[in-house]
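Keep the structure in view as you read.

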Amino acid sequence: MQNKQSNSIRTVVATGIGAAVIFVLMKFVAIPTGIPNTQVNVAMGFLALLGAIFGPVAAGLAVFIGHALNDFVTYGSPWWTWVVVDGLIGVAFGLAKNRLKIENGVLGKAKLIWFNIYQIIVNFIGWVLLAPTGDIIIYHEPANKVYLQDVVTWIADSISVAIIGTILLVLYARTRTQRGSLTKER
């Protein structure tokens, strides 16, 4: 019982702090791409770390809340198709937690390669398949406009995660004590 309550509190705190960090990164550290309403989002690299440490619930909710707040502050209302897709991507990044096992302090090249292939596929599904379809169906946006925006977003977010996310994952793993590396003195 105590462990479940502790995990719940940890998830709530991680969600709140994660949402605040994602909001700040989206609002103030986004790099324009030249395509309207599309930027290189450094927040996605942070999202990879958040998911690897805290799992799908914290990562999904944090990016959902952070993105919605950013859209509200920047544009006056959230663009829900993109907010939902980011939330799903956060959940998918969090599902990689058990495979990465970053808490064990070991994050080899094979896991990093796997994660980057995984995140490129996840971003593809989100940005090339789901988001533009939602924009066309819900917002009646022109297909050529949204597919251009979403393909650029897929590439930009994949690069952000591959560079920033990988660096953050490696640095965090180095701070963890490797399992079995400590021995009891006699």
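How much space lies in the largest pocket? About 410 Å³. This is a predicted model, where local features need pLDDT of at least 70, side-chain atom pairs count only at pLDDT 80 or more, and totals for chains, interfaces and linings use all residues. Residues are numbered from 1 along each chain as its sequence is written, and side-chain values use heavy atoms, with hydrogens and water left out.

**The largest pocket**

- A pocket is an open set of points on a 1 Å grid over the protein atoms alone, where a 1.4 Å probe fits, with protein on both sides within 12 Å along at least five of seven lines. Its volume is the space filled by probe spheres set on the points.
- Lining residues have an atom within 4 Å of a point. There are 22 of them here, and Asn37, Asp71, Tyr75, Trp79 and Trp82 are the closest to the centre.
- Helices H3 (56-75), H4, H6 (109-139) and H7 (143-175) each give two or more residues to the lining. Helices are DSSP runs (H or I, at least four residues), numbered from the N terminus.
- H7 gives the largest share, five residues.
- By class, the lining has seven nonpolar, nine polar and six charged residues. Ala, Val, Leu, Ile, Met, Phe, Trp, Tyr, Cys and Pro count as nonpolar, Asp, Glu, Lys and Arg as charged, and the others, Gly among them, as polar.

**H2 with H4**

- The axes of H2 (residues 43-54) and H4 (residues 80-95) come within 7 Å and cross at roughly 45°. Axes are lines fitted to C-alpha atoms over the stretch in contact, and angles run from 0 to 180 degrees between N-to-C directions.
- That angle makes H2 oblique to H4. Under 35 degrees counts as roughly parallel, over 145 as roughly antiparallel, 65 to 115 as roughly perpendicular, and the rest as oblique.
- In H2, Met44, Leu47, Ala48, Gly51 and Ala52 meet Asp86, Ile89, Gly90, Phe93 and Gly94 of H4. Contact means heavy atoms within 4.5 Å.
- Six of these contact residues are nonpolar, three polar and one charged.

**H3 with H4**

- The H3 and H4 axes come within 7 Å and cross at roughly 155°. H3 is therefore roughly antiparallel to H4.
- Among the contact residues are Phe64 and Asp71 of H3, and Trp82 and Asp86 of H4.

**H6 with H7**

- H6 and H7 pack at about 155°, with axes 9 Å apart. They are therefore roughly antiparallel to each other.
- Their contact has 18 nonpolar, seven polar and three charged residues.
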